[in-house]
Amino acid sequence: MAAVLEPYIYDGGMYKHGLILELLEDLGGYLIQAIPAASEVTLIMLIPEKDVHLVEALSTKLLGKLVKSPLTGTEIAVVSPTLAYHHLPHSACDVAEYLRRGGANTNMIGLARGMGRRVALSADYERKLINEHDIALFSFGTFSDCIINKKPKLFEGIEIPIVVTGGPDIKTEDIPNADMYIGGIGRVAHRLRKEPELEGLDRMNKMVSEMVDSVREEIAKDPLVVLPVRIMKEIKDQIPEIEHVLTPAPITIQLDGLRVKLPYDEFHEKVEKIEFDEGPILSEIANVTQSKMKNYILIKIQRKSEVGFVI
Amino acid sequence: MSTLDTFVVESTIAEEADHYKQIVSDAITDLVLVRSINKIKVVVTPEETLFQMVIVLRGGLAPIKISDFAQVGVGTFGESEVVIDIENEAYLPQLLESLWARCGRINVHQPERKTVSVSCENPLEEVPLIEEMVVEDPQRTLQARLVDMAIRATPEGFRVRYHSLNGNHFIFVATEDVMKKEWVEQAHKMLDELLGGEPSGSSS
């Protein structure tokens with residue numbers, strides 16, 4: 001396998017940031033997302049482990065900041081039982097925003113009928129949509145009785161790791177089917193700005209990173225045929241239409257695949273026929289399906305054990 | 001929140017009650033109800049899927065008449081108009097709305113920032129009528145905000161609701177199951193306790 005890639009976020013000025021991109025290309029790293037905001041730019045990238053110091057030196061020279069972002073390359077579903085407007089601002093908004101600062105791509109999913117205790121339920125469509133992500137983070141409220149006894153029925157049919165956030169301090173074991181519980185982030189009707197709240201969010205990012213690491217380890221046991229970023233690069237090279245997609249992350253990287261934000265009907269054949277220098281085409285090493293999110297394309301990469309080789 | 005005489009939130013677990021107090025307090029702040037509420041008590045019983053809230057409002061919010069914030073007089077000689085000199089601009093939008101509704105938009109002019117004139121046939125007769133016009137009823141907007149606050153503070157899924165607003169006494173009970181009579185009675189008792197033994201009157 002090629003060099004080990006480390007995820008980093010660069011925050012700095014727009015001026016001369018092209019130098020970083022050039023260096024990254026020379027080193028064989030990948031740019032996952034570039035977010036320009038006025039005169040500032042945020043670059044989310046994967047840098048070869050050995051060459052991090054080179055990028056670090058250049059970013060110091062450009063007066064920018066290079067920080068490690070353990071959540072890069074993950075797509076997390078932040079699920080809230082309700083996203084009703086009269087409860088705005090939702091704490092789930094802050095949760096999603098904070099995960100994004102760690103480098104993750106988050107999608108907020110408000111369940112149509114997730115509120116309440118006895119009446120809470122999730123639809124088949126919603127479950128399938130959540131299952132397309134790497135991790136599902138359920139943002140619950142204040143009462144331990146609800147979190148322990150009533151809300152876990154929303155986890156039924158969720159096959160990906162489940163992280164739960166809520167107000168009270170509960171042990172993960174007490175919540176049926178949850179893989180991790182993070183307390184101190186319950187329902188609040190204001191933006192999370194106070195110190196204990198921010199501490200809770202920091203702890204959340206740390207714990208979710210641990211969860212991501214464990215999923216990565218799991219994948220490493222039977223590695224993916226190709227790295228998701230490699231497919232991203234090939235899509236950018238072989239399907240020029242991706243440049244015209246206006247969403248913030250036209251190609252969203254997941255731990256074991258990616259979401260391409262092009263219409264499925266028009267582009268799925270092109271995506272399936274993407275060629276690699278090593279020989280195979282994409283449809284031989286990955287499953288290309290229609291995403292439940294809008295009409296996007298979802299690619300899930302096969303494992304070494306299924307295909308028999310790694311490129 | 002210091003201006004509230006009583007602000008109690010109770011639940012099965014005390015820590016969770018403290019947390020919920022923050023939610024109620026945010027709802028009160030967002031809707032600028034701090035000065036309108038005198039006492040408030042909330043009891044949340046998650047095990048029974050029950051939310052009860054009683055509020056005692058501060059009374060004495062009289063309707064605002066034009067004479068409360070403006071001088072009304074007859075215009076200059078020869079002009080058939082009523083001139084309103086405004087002292088407090090806070091009610092200007094409501095004033096214009098009510099004048100437009102009453103006299104027609106074409107007859108209402110605002111030559112200056114703090115002057116509004118109304119063309120009419122008999123200014124002398126109109127002056128006392130305009131002076132007595134009610135432009136804003138704080139009690140009514142308060143009620144609307146109070147209901148909004150109750151809905152914001154309630155857990156989202158609790159869609160079966162009972163409410164009663166009797167003068168300055170507001171009772172709100174919400175659940176997701178069939179509403180039990182004793183829950184409503186309990187809430188009425190809570191109000192009595194909050195009032196310190198005074199009867200809460202009949203519910204509407």
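A residue counts as buried if 20 or more other C-beta atoms, placed from the backbone, lie within 10 Å of its own. By that rule, 42% of the 311 residues of chain A are buried. The model is predicted: local features need pLDDT of at least 70, side-chain atom pairs count only at pLDDT 80 or more, and totals for chains, interfaces and linings use all residues. Residues are numbered from 1 along each chain as its sequence is written, while chains are lettered from A and ligands numbered from 1 in the order in which they are written.

Chain A holds ten helices and 13 strands (DSSP runs, H or I of at least four residues for helices and E of at least two for strands, numbered from the N terminus). Its radius of gyration, taken over C-alpha atoms, is 20 Å, close to the 19 Å of the globule rule for 311 residues, so chain A is as compact as a globular protein of that length. The globule rule is 2.2 Å times the number of residues to the power 0.38.

Helices α1 and α2 of chain A pack at about 170 degrees, with axes 10 Å apart. The axes are lines fitted to C-alpha atoms over the stretch in contact, and angles run from 0 to 180 degrees between N-to-C directions. That makes α1(A) roughly antiparallel to α2(A) (an angle over 145 degrees). Residues in contact have C-beta atoms within 7 Å.

| Helix | Residues | Contact residues |
|---|---|---|
| α1(A) | residues 17-27 | A:Leu19, A:Ile20, A:Leu23, A:Leu24, A:Leu27 |
| α2(A) | residues 52-61 | A:Leu54, A:Val55, A:Leu58, A:Ser59 |

Note on methods:
Buried ≥ 20, exposed ≤ 12 C-beta atoms within 10 Å, placed from the backbone. Parallel < 35°, antiparallel > 145°, perpendicular 65-115°, else oblique. Contact = placed C-beta atoms within 7 Å.
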